[in-house]
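Open the model in a viewer and keep the sequence panel beside it. The stops below each give a selection and then what is found there.

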Amino acid sequence: EDGYRLWLRYNTIDNVSLLQQYRQQVTSINCPSDDARLVSANQELQTGLSGLLGKKIPLQTAVINGTVMLALPTHLPFIRKQIGDTAMARLGDEGFIIRTIKYEGKNITLITANKQAGLLYGAFHFLRLLQTQQSIRQLSISSTPKIKLRLLNHWDNLNRTVERGYAGNSIWDWQRLPGYIDQRYLDYARANASIGINGTVLTNVNANAVILTADWLQKVAALANAFRPYNLKVYLTARFSAPVEIGNLKTADPLDPAVRKWWKDKTDEIYKYIPDFGGFLVKANSEGQPGPQNYNRTHADGANMLAEAVAPHDGIVMWRAFVYSSETPEDRFKQAYNEFKPLDGQFKKNVLVQVKNGPIDFQPREPFHPLFGAMPQTPLMMEYQLTQEYLGFATHLVYLAPLFKEVLNADTHSKNENSPVAQIVDGTTDEHTLTGMAGVSNIGSDINWTGHPFGQANWYTLGRLAWDNTLTPAQIANEWIRQTFTNKQAFVDTVQQLMLASREIQVNYMTPLGLHHIMGYGHHYGPAPWYNKAPRADWNPVYFHKADSIGIGFNRTATGSNALAQYQPAVRQQFENMGTCPEAFLLWFHHVPWDYKMHSGKTLWETLCDKYYSGVDSVRWMQRSWDHLKNYIDTERFNQIKQLLAIQEQEAVWWRNACLLYFQTFSNKPIPEKYEKPDHTLAYYEELEFPYAPH
Ligand code: BDP
């Protein structure tokens with residue numbers, strides 16, 4: 001058992017009575033094959049149902065009791081009558097309906113939609129019902145995605161290294177493309193389709209212009225061809241200076257007619273290779289990447305130039321708001337808002353601004369990004385990070401759904417009392433129809449795709465949450481566990497508990513109470529709160545925690561950097577007051593005295609110690625919980641996870657000891673007697689070299 005099959009395992013149902021029921025309810029498949037997506041749906045149903053039911057479920061034209069029928073109203077006009085125009089209209093282009101109905105006197109399951117993509121997603125949903133062992137007796141399901149662009153962002157380089165990738169090399173084998181189509185590409189596309197992901201950006205945001213040259217575009221086209229039957233569109237990152245680097249122009253000024261023409265011609269060429277190319281993702285004027293500001297133009301000028309080039313082909317541009325100016329600002333938190341908010345209303349219709357979930361950079365916990373709710377005229381796309389750059393790479397077990405949902409649930413107060421980030425992103429608040437959610441991929445060439453077997457859950461979550469942002473972390477975990485491991489209740493319950501707790505546990509042993517960005521310099525692995533040698537102040541942990549003899553934390557109130565002014569008054573007021581600021585965010589916004597009394601009555605220092613110690617204790621609890629599950633699953637995955645949890649435990653201790661010993665040099669207070677003593681000195685931790693970390 002190597003994990004390659006992800007959540008699409010289709011092992012025969014081990015519950016005998018349920019298996020019998022299913023065998024009566026599902027006997028054959030009836031599906032037209034006039035579209036590649038329907039061929040995929042049909043193949044998946046045959047493989048999936050035959051596996052789950054332990055007998056061949058054939059494709060046949062005769063309708064019998066137990067037929068699973070996939071059809072559009074254009075295939076079978078009775079469907080429109082049966083379902084009704086309003087219910088059909090609600091499905092849009094990708095939604096589906098699954099209903100148990102009588103057809104020609106037979107009991108059948110009908111899967112219908114307006115378009116082929118909907119049938120494909122409906123087929124996968126039906127399989128999910130069986131895989132999670134739900135009743136399929138009287139189905140009446142209607143499901144429409146909340147978000148239009150549900151995307152993975154691969155930070156994959158053309159030499160197959162992956163920026164912040166911890167699961168091997170890039171899965172794109174550029175050297176053997178376009179001739180060789182690895183089975184992995186098809187399984188990748190299937191997996192994405194199964195959770196509703198409908199687009200993938202193949203290349204790193206730190207882009208290489210070479211991908212836009214003819215030889216490479218042929219390779220991209222081969223991938224697009226492989227993905228198309230799974231309704232997965234291909235996108236590329238555009239290097240802003242490409243007209244100079246590969247086009248022989250003197251400038252990449254977005255207002256220069258020759259530059260505009262170059263992008264237009266280049267885009268037309270791309271669409272010749274890939275007629276349904278999705279569009280561009282751009283990182284500009286950030287961390288050394290070129291951009292319109294090099295020519296004294298704005299982000300809007302840059303984005304609009306590309307938007308104009310892709311518009312005739314229905315393409316879109318995703319312009320990232322993760323920006324850094326070349327000078328070190330007084331507070332990096334404020335930069336994206338300062339640069340982008342004034343541009344609201346200036347972007348073309350087919351541009352989305354892609355915003356990271358928080359203002360700094362994918363930390364274990366961040367407050368929501370202040371741009372959400374601040375640019376009502378611009379569709380803002382959510383960018384999450386699946387690859388655990390700041391969360392223990394592919395070594396620590398951290399289920400990210402609680403992090404993602406915490407941000408979605410946060411109320412921006414931008415329109416009224418109830419304008420959560422979820423509704424900014426899904427377009428409800430400001431009435432946008434172009435909407436998007438992306439996850440920076442954690443996928444690589446490792447046999448199990450994501451390195452840590454639980455990394456698969458984060459990929460799974462991105463798709464499910466982009467489809468339906470009302471799903472809870474518990475629901476998503478529950479589905480994923482049942483499909484990935486087993487339906488045995490004791491296993492499901494224990495693992496679900498463990499997953500739901502895992503993110504807070506990590507926050508506790510890494511960055512409790514609102515600490516952030518205190519990881520090792522560059523690679524971002526392990527603790528280095530003492531580090532102060534980076535070439536920019538805002539790359540140093542000391543810049544972010546600001547510990548001194550008085551206290552610790554970044555004052556972002558009006559007496560400090562005043563970053564809080566970027567939020568709506570209701571949000572700002574809550575965070576601004578130390579008494580009302582949730583303790584989870586305290587050190588994000590305040591420089592808090594060591595003796596400050598927390599809600600519990602304990603001091604800040606004691607609470608910091610409690611958090612770090614409880615983080616480690618909880619990892620030990622995760623280990624014990626896991627040990628009980630030995631007999632429920634295969635030994636291969638059981639052992640892998642056991643070993644990884646042991647590393648996580650050692651590293652949680654490393655984090656706790658290193659951070660507390662270091663902060664103690666400022667607080668001058670003891671670690672409470674009741675706790676086990678750090679087994680090394682601070683000097684020991686400071687001298688530790690982290691020998692190898694993929695960058
Ligand atoms: C940071 C990463 C860096 C990325 C950058 C980005 O450390 O490798 O290039 O984000 O999002 O988190 O552009």
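Select Glu245, which lies in helix H8 (residues 242–245); helices (H or I, at least four residues) and strands (E, at least two) are DSSP runs, numbered from the N terminus. With 17 C-beta neighbours inside 10 Å, Glu245 counts as partly exposed. A residue is called buried if 20 or more other C-beta atoms lie within 10 Å of its own, exposed if 12 or fewer, and partly exposed in between, with C-beta atoms placed from the backbone. Leaving out residues up to four places away in sequence, Glu245 touches Ala209 and Arg239; contact here is defined as C-beta atoms, placed from the backbone, within 7 Å of each other.

Two notes apply to every stop. Residues are numbered from 1 along each chain as its sequence is written. The model is predicted: local features need pLDDT of at least 70, side-chain atom pairs count only at pLDDT 80 or more, and totals for chains, interfaces and linings use all residues.

Is Ala284 buried or exposed? Ala284 has 23 other C-beta atoms within 10 Å and is therefore buried. Its contacts, apart from neighbours within four places in sequence, are Phe240, Gln289, Pro290, Gly291, Pro292, His299 and Gly302. Asn294 is 10 residues from Ala284 along the chain, and their C-alpha atoms are separated by 9.6 Å.

Show the ligand and select the residues around it: Glu163, Arg164, Val205, Asn206, Lys283, Glu287, Phe322, Asp361, Phe362 and Glu389. A residue is included if its C-beta atom, placed from the backbone, lies within 6 Å of the molecule. This shell divides into six charged residues, three nonpolar and one polar. In that division Ala, Val, Leu, Ile, Met, Phe, Trp, Tyr, Cys and Pro count as nonpolar, Asp, Glu, Lys and Arg as charged, and the others, Gly among them, as polar.

Then select Leu306 and Val317, the residues with the most contacts inside the largest nonpolar core, which has 210 residues. A nonpolar core is a set of buried Ala, Val, Leu, Ile, Met, Phe, Trp, Tyr and Cys residues joined through C-beta atoms within 7 Å. The largest share of this core, 12 residues, comes from helix H21 (residues 635–667). Not counting residues up to four places away in sequence, Leu306 touches Ala238, Trp263, Phe280, Val282 and Val317.

Follow H21 from end to end. Its 33 residues should span 48 Å at 1.5 Å a residue, and its end C-alpha atoms are 47 Å apart, which agrees; the expected span is 1.5 Å times one less than the number of residues. After H21 comes Asn668, whose phi is positive, near 55°.

Helix H20 (residues 604–627) is the next selection. Its 24 residues should span 34 Å at 1.5 Å a residue, which agrees with the 35 Å between its end C-alpha atoms. Buried residues of H20 include Leu604, Trp605, Tyr612, Val619 and Met622. Against what do the buried residues of H20 pack? They pack against helix H16 (489–510), strand E14 (551–552), strand E15 (592–593) and H21.

Helix H14 (residues 455–467) has 13 residues and reaches 19 Å from its first C-alpha to its last, close to the 18 Å expected. Because 13 of its 13 residues are buried, H14 is largely enclosed by the rest of the structure.

Pro178, in the loop between strand E6 (149–153) and helix H6 (183–194), is joined to Leu177 by a cis peptide bond with omega about 5°. Gln133, in the loop between helix H5 (116–131) and strand E5 (140–143), has a positive phi of about 60° although it is not a glycine. Glu431 lies in the loop between helix H13 (421–425) and strand E13 (436–440), and its phi is also positive, near 55°. Glu431 counts as exposed, with 7 C-beta neighbours inside 10 Å.

Terms used
Contact = placed C-beta atoms within 7 Å.
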